[in-house]
Amino acid sequence: MDQWATFLFSDESRFSLNTDSRRTFIWREPGTCYLPSNVRKIDHYGGGVLMVWSGIMLDGRTPLHVFERGTVTGVRYRDEILEPYVRLLRGAVDTEFILMDDNARPHRAVLVDEFIESEDIHRMDWPARSPDVNPIEHVWDALGRAIATRNPPPKTIQEMKTVFLNEWDHLPQEIINCLISSIKSRCKACISVRGDHTSY
């Protein structure tokens, strides 16, 4: 576990105002799937979307960063994430600090690589399409579930932002530590199925 103490596991996640984490399974007669009684309309785009970023460590975490409108680009990733959060955290931890970010296009932009190299930030090699190995994915799931239980649910992006920041601040560090302590098991599971799907 001491080897993971200097790792920052980071990621972005997108949350929609219209997300409904409750799954409903129904049985219907063959040929009736498009009857009005069997259709539930969901507007995936009209309700607004919140894009957030954060990083987790053993016994710590970064603040939750909310991207204000637009998509995440290499420039935004460098200016809004790497410079204000990762660079400062790297200086506070020690030279053994290692950043784990996935292979998303903004993370691998040339200007991002140049910034990381100039700041002497070490980056973990990460296999493509491997969210099940990253413990922060379970943190996003926990936050999504917490938001889904809100009654009444947030109705605007600003309300959702306030709720997310509140839930992030109240997320027990023990949950994060437990998720990071599962890294060894995650890696073993991934190896045992030769990179295929795991239970994580």
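**Exercise 1.** Determine how the residues lining the second largest pocket divide into nonpolar, polar and charged.

*Solution.* The lining splits into 7 nonpolar, 4 polar and 4 charged residues, where Ala, Val, Leu, Ile, Met, Phe, Trp, Tyr, Cys and Pro count as nonpolar, Asp, Glu, Lys and Arg as charged, and the others, Gly among them, as polar. The model is predicted, so that local features need pLDDT of at least 70 and side-chain atom pairs count only at pLDDT 80 or more, while totals for chains, interfaces and linings use all residues. Residues are numbered from 1 along each chain as its sequence is written, and side-chain values use heavy atoms, with hydrogens and water left out.

**Exercise 2.** Locate the residues nearest the centre of this second largest pocket.

*Solution.* Of the 15 lining residues, Val49, Leu50, Phe67, Glu68 and Arg69 lie nearest the centre. Two or more lining residues come from each of strand S2 (49-57), strand S4 (65-67) and helix H4 (157-170); helices (H or I, at least four residues) and strands (E, at least two) are DSSP runs, numbered from the N terminus.

**Exercise 3.** Decide whether Ser13 is buried or exposed, and find its contacts.

*Solution.* Ser13, in strand S1 (residues 7-16), has 15% relative accessibility and therefore counts as buried (under 20% relative accessible area, with exposed over 50% and partly exposed in between; 1.4 Å probe, protein chains only). Leaving aside neighbours within four places in sequence, Ser13 is in contact (heavy atoms within 4.5 Å) with Leu50, Met51, Val52 and Trp140.

How values were computed: 1 Å grid on protein atoms, 1.4 Å probe; cavity = no way out; pocket = protein on both sides within 12 Å on 5 of 7 lines; lining within 4 Å.
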